[in-house]
Amino acid sequence: MTAKWIGKRMVMGTIVLLIVSFLSFFIMHAAPGDPATAFYGGNAQTLTTAEKERIAQAFALDRPVLVQYGVWLAETLTGNLGYSSKEGRPVATILMERLPNTLLLFSVTLFFIIIGSIWLGTVAGMKEGSLWDRGLSTFSIATSSIPAFWLGILFISFFAVKLGIFPSSGTGEIGGDGGLVDKLRHLIMPAAVLILTHVGIYARFLQESIKAESRHYYVMVARANGVAEKEIRQGILRNASMPYLNYIGMTIPSFFGGSIIVESLFSWSGLGQLTVKAAMTKDFPLLMGGILWTGLIVVISLFIIDLLMYALNPKLRKGGVR
């Protein structure tokens, strides 16, 4: 049953990637401009009509969109993502250079968001009506209402420009050794912006789940029968963690959307900044590669969360695949 469940999740993830790639491909080709001339950037105006036709034939740009997508998909399945029209290098090579930075920012911020939200949400949820409870509600509304780009600008202005504590942008000092300490110094501000704008709402969701779970009948029966309070709280937290994990899974795509803004703001050399730059320069092969790899990271993250929910929730294991 477990193998069947995993197989179904993998098939669903593959379908999602196909849908995302097709929609992205269609939207890019529906955008204004000639894809053939986009390969030459500022020199496009020097191309003759015959040269444009030759470029279109070489890259199958003169065929219907469905045929172009089929050609791109066939090459992608073989591991060939094409060449960047601006840098002239393989797209896979460029993406591999940026992938570690995106994974570092994503893993560090998500780790601290989960740790912080579990602690805040548990303390506030277990003490309904207390100062913790009311304080977290106010904190979550305040932090989730702050735009990430605005908070990032404040951080740059205060911590980088005024105090000079942290670097304002990049992933390493110019002429530096590029070591772990240098990269972590550049990571602090973009990670802090993402953590502050997300930890409150995640904690609030867990807080409300715990409060709702504490009102269930089985909790009153357990207390009436003299069950230790520690065991009751463990049961409440275990049951409340299911909707919390589900909420994390639902918000991961929007979390990546926020990280793209933060990467661009802090010039963090990740997939988000690369995708934005590729869209602005109409570097279609690089843009499709960036979207595909970002979608792959999201699908893998959702798959991991599904595995955790499957392991923690006996109803999913007993009920099978529904």
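Which pattern does the protein chain follow when read along the sequence? The pattern is α-α-α-α-α-α-α-α-α-α-α-α-α.

**Figure 1. Overview of the predicted model.** The model is predicted, so local features need pLDDT of at least 70 and side-chain atom pairs count only at pLDDT 80 or more, while totals for chains, interfaces and linings use all residues. Residues are numbered from 1 along each chain as its sequence is written, and side-chain values use heavy atoms, with hydrogens and water left out. The protein chain has 13 helices and zero strands (DSSP runs, numbered from the N terminus: helices are H or I with at least four residues, strands E with at least two). Of its 322 residues, 40% count as buried (under 20% relative accessible area, 1.4 Å probe, protein chains only).

**Figure 2. Helix H1, residues 2-30.** H1 has 29 residues and reaches 42 Å from its first C-alpha to its last, close to the expected 42 Å (1.5 Å times one less than the number of residues). Its buried residues are Trp 5, Gly 13, Leu 17, Ser 21, Ser 24, Phe 25 and Met 28. Helices H4 (65-77) and H12 (284-312) are among the elements covering them.

**Figure 3. The crossing of helices H11 and H12.** The axes of H11 (residues 271-280) and H12 come within 8 Å and cross at roughly 150° (lines fitted to C-alpha atoms over the stretch in contact, with angles from 0 to 180 degrees between N-to-C directions). H11 is therefore roughly antiparallel to H12 (an angle over 145 degrees). The contact (heavy atoms within 4.5 Å) includes Leu 274 and Ala 278 of H11 and Leu 287 and Ile 291 of H12.

Key. Buried < 20%, exposed > 50% of the residue type's maximum accessible area, 1.4 Å probe, protein only. Parallel < 35°, antiparallel > 145°, perpendicular 65-115°, else oblique. Left-handed = near helix turned anticlockwise from the far one by under 90°.
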